[in-house]
Amino acid sequence: MGCQACTRSVIWQKLGRCRRCIRQLAVLSPLGWGIWLAFYRHQPTTIEAVTAFVAASGTTLLLLAHGMRAWRLGVKATRATSGDKKSPTSLPGK
């Protein structure tokens, strides 16, 4: 079994940055919910309905995790670049 820290590190490095994953999830999430609503909402206790629901929920949650991480990385990048600029009030001698 691999190191827990290494596996976690790889996931955190990819989460929010992998545009391919985000695009795939952006297609699969509404597709999964559309399939569940069209075919299984009237029989939500069948195995197929539960499987479709879990798949749609999983893709939606992973898309949400990617979005939150991408937003957080964007906020950090914005703060880092805005912190580099000197404001007029922080000039020496004033």
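Helices (H or I, at least four residues) and strands (E, at least two) are DSSP runs, numbered from the N terminus. By that rule, this protein has three helices and zero strands. Its elements run α-α-α from the N terminus on. This is a predicted model: local features need pLDDT of at least 70, side-chain atom pairs count only at pLDDT 80 or more, and totals for chains, interfaces and linings use all residues. Residues are numbered from 1 along each chain as its sequence is written, and side-chain values use heavy atoms, with hydrogens and water left out.

**Annotated spans**

- An unreviewed UniProt entry lists residues 21–40 and 46–65 under "transmembrane region".
- UniProt positions are given in the numbering used here, feature names are shortened, and annotations may be inferred rather than shown by experiment.
- Residues 21–40 are 100% helix and 0% strand. The end C-alpha atoms of this span are 26 Å apart.
- Residues 46–65 are 95% helix and 0% strand. Here the end C-alpha atoms lie 28 Å apart.

**Burial and positions in the helices**

- Buried means under 20% relative accessible area, exposed means over 50%, and partly exposed lies in between (1.4 Å probe, protein chains only).
- Of the 94 residues of the protein, 17% count as buried.
- Leu 31 sits in helix α2 (residues 19–40). Leu 31 is partly exposed because its relative accessible area is 48%.
- Gly 58 belongs to helix α3 (residues 47–84). With a relative accessible area of 34%, Gly 58 is partly exposed.
- Thr 60 is also found in helix α3. Its relative accessibility is 29%, so Thr 60 counts as partly exposed.

**Contacts across the sequence**

- Gly 58 and Leu 25 are 33 residues apart in sequence, yet 9.7 Å apart in space, C-alpha to C-alpha.
- Thr 60 and Ala 26 are 34 residues apart along the chain, and 8.3 Å separates their C-alpha atoms.

**Aromatic rings**

- Rings of Phe, Tyr and Trp (its six-membered ring) pair if their centres lie within 6.5 Å; planes under 30 degrees apart count as stacked, over 60 as edge-to-face and the rest as tilted.
- The structure holds four aromatic pairs.
- Trp 33, Trp 36 and Phe 53 are linked into a cluster by ring pairs.

**Cysteines**

- A disulfide is a pair of cysteine sulfur atoms within 2.5 Å. The structure holds zero disulfides.
- Cys 18 is in no disulfide, and the nearest cysteine sulfur, that of Cys 21, is 3.2 Å away.
- Cys 21 is likewise in no disulfide; its nearest cysteine sulfur is that of Cys 18.
- Cys 18 counts as buried, because its relative accessibility is 17%.
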